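Visitor: I'm new to this one and could use a hand. Can we go through how to read it, step by step?

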Amino acid sequence: MAHTPVNHPARPIYRAIGGLVGLYFVVFGVLGVIAAAGDDLLARDDTKVLGQGSNLGFALVSLVVGVLVLAGTALGRNRDVVINGWLAYALMALGLAGLAFIRTDVNIFNW
């Protein structure tokens, strides 16, 4: 990854947006764990969290991603750029897989 300047003028807003996104993932994950408590890890039922279908597995993935984003935001400097970059690629791949498999039996995250 190319060198990114530590003193970029928009860095505070980027960190604030990253923190808000991480907080959303954590809230979604916690509410998903509460809503799917007692279900199977990859259950395919009508559990919805914040308007989105979910299960315990997806809630745990969201919780881990949210904690990683918040940790990167707290660490700051260029570490948050690297963490958010890699997590963005992972979430794009997960989202594309979700779109590809949403109406099939391979929909393990109950989207």
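Guide: Let's start with the overall layout and then zoom in on one residue. Keep in mind that this is a predicted model.

Visitor: How many helices and strands does the protein have?

Guide: Count the elements, then read their order. Here there are 3 helices and 2 strands, and along the sequence they follow the pattern α-β-β-α-α.

Visitor: What does the C-alpha trace span along its principal axes?

Guide: About 50 × 25 × 20 Å.

Visitor: And what percentage of the residues count as buried?

Guide: Burial goes by relative accessible area, with under 20% as the cut-off. Of the 111 residues in this protein, 32% count as buried. The protein exposes about 7000 Å², and carbon and sulfur atoms supply 72% of that.

Visitor: Now for the single residue. Where is the place of Asp80?

Guide: Asp80 sits in helix α3, which covers residues 79-101.

Visitor: Is Asp80 buried or exposed?

Guide: Compare its value with the cut-off. Asp80 has a relative accessible area of 5%, and buried means under 20%, so Asp80 is buried.

Visitor: Which residues does Asp80 touch?

Guide: Leave out residues up to four places away in sequence, and Asp80 touches Arg11, Arg15, Gly72 and Thr73. With one of them, Arg11, there is also a polar contact of 3.3 Å between the side chains.

Methods. Residues numbered from 1 in each chain as written. Predicted model: local features only at pLDDT ≥ 70, side-chain atom pairs only at ≥ 80, totals over all residues. Heavy atoms only, no water. Helix = DSSP H or I, 4+ residues; strand = E, 2+ residues; numbered from the N terminus. Buried < 20%, exposed > 50% of the residue type's maximum accessible area, 1.4 Å probe, protein only. Polar contact = N/O pair within 3.5 Å; in protein donor to acceptor, adjacent residues only side chain to side chain. Contact = heavy atoms within 4.5 Å. Areas by Shrake-Rupley, 256 points an atom, 1.4 Å probe, with all protein chains shown as cover.
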